[in-house]
Amino acid sequence: MKRKTNEQKLNALIKGLHTIEVALLVERLDKIMRMTKQDIEEEPEKYDNFFVSHQLYLSLAEKTIKALELTN
């Protein structure tokens, strides 16, 4: 069995959701990214590990927030 990429997983998730569920998912993503951004600003070292630095998490949070704001 072939493994799905992360992109395929997300696309399948969105495709299988009702419109209201997609709206809830967008709201949760926005909230989680805003909380993550605030937490990184307070304690960035919590997000640093062998593979990823807090700057990458911060970049992801900012890109997600910006992309979700563009759709409003």
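Mentor: Start with a term. Buried means under 20% relative accessible area, exposed means over 50%, and partly exposed is in between. Keep in mind that this is a predicted model.

Trainee: Why is Arg-34 called partly exposed?

Mentor: Its relative accessible area is 37%. That value falls between the 20% and 50% limits, so the label is partly exposed.

Trainee: What makes the contact of Arg-34 and Asp-30 a salt bridge?

Mentor: The N to O distance between their side chains is 3.0 Å. The cut-off is within 4 Å, so the pair counts. Arg-34 and Asp-30 sit four residues apart in helix 2, so about one helical turn separates them.

Trainee: How do you know that Glu-69 forms a salt bridge with Arg-34?

Mentor: The closest N and O atoms are 2.8 Å apart. That is within 4 Å, so Glu-69 and Arg-34 qualify. Glu-69 lies in helix 3 and Arg-34 in helix 2, so this pair ties together parts 35 residues apart in sequence. Glu-69 is partly exposed, because its 44% relative accessible area is in between the limits. Asp-30, Arg-34 and Glu-69 are thus named as a network of salt bridges.

Trainee: What makes Lys-46 and Glu-43 a salt bridge?

Mentor: Their side chains meet at 4.0 Å, N to O. The limit is within 4 Å, so the pair is counted. Across the whole structure, a search finds five salt bridges.

Trainee: On to the rings. How many aromatic pairs does the structure hold?

Mentor: Two. One of them joins Tyr-47 and Tyr-57.

Trainee: Why is the pair of Tyr-47 and Tyr-57 called edge-to-face?

Mentor: The centres are 5.5 Å apart, and the planes make 65°.

Trainee: Is Tyr-47 buried or exposed?

Mentor: Buried: its relative accessibility is 16%, and the limit is under 20%, so the test is passed. Tyr-57 is partly exposed, because 32% is in between.

Trainee: What makes Phe-50 and Phe-51 an edge-to-face pair?

Mentor: Their centres are 5.0 Å apart, with 85° between the planes. That is within 6.5 Å and over 60 degrees, so the name holds. Both Phe-50 and Phe-51 are exposed.

Trainee: Where is confidence lowest in the protein chain?

Mentor: In helix 3, at a mean of 94; helix 2 is highest, at 97.

Terms used
Residues numbered from 1 in each chain as written. Predicted model: local features only at pLDDT ≥ 70, side-chain atom pairs only at ≥ 80, totals over all residues. Heavy atoms only, no water. Phe/Tyr/Trp six-rings, centres within 6.5 Å; stacked < 30°, edge-to-face > 60°. Buried < 20%, exposed > 50% of the residue type's maximum accessible area, 1.4 Å probe, protein only. pLDDT = per-residue confidence, 0-100. Helix = DSSP H or I, 4+ residues; strand = E, 2+ residues; numbered from the N terminus.
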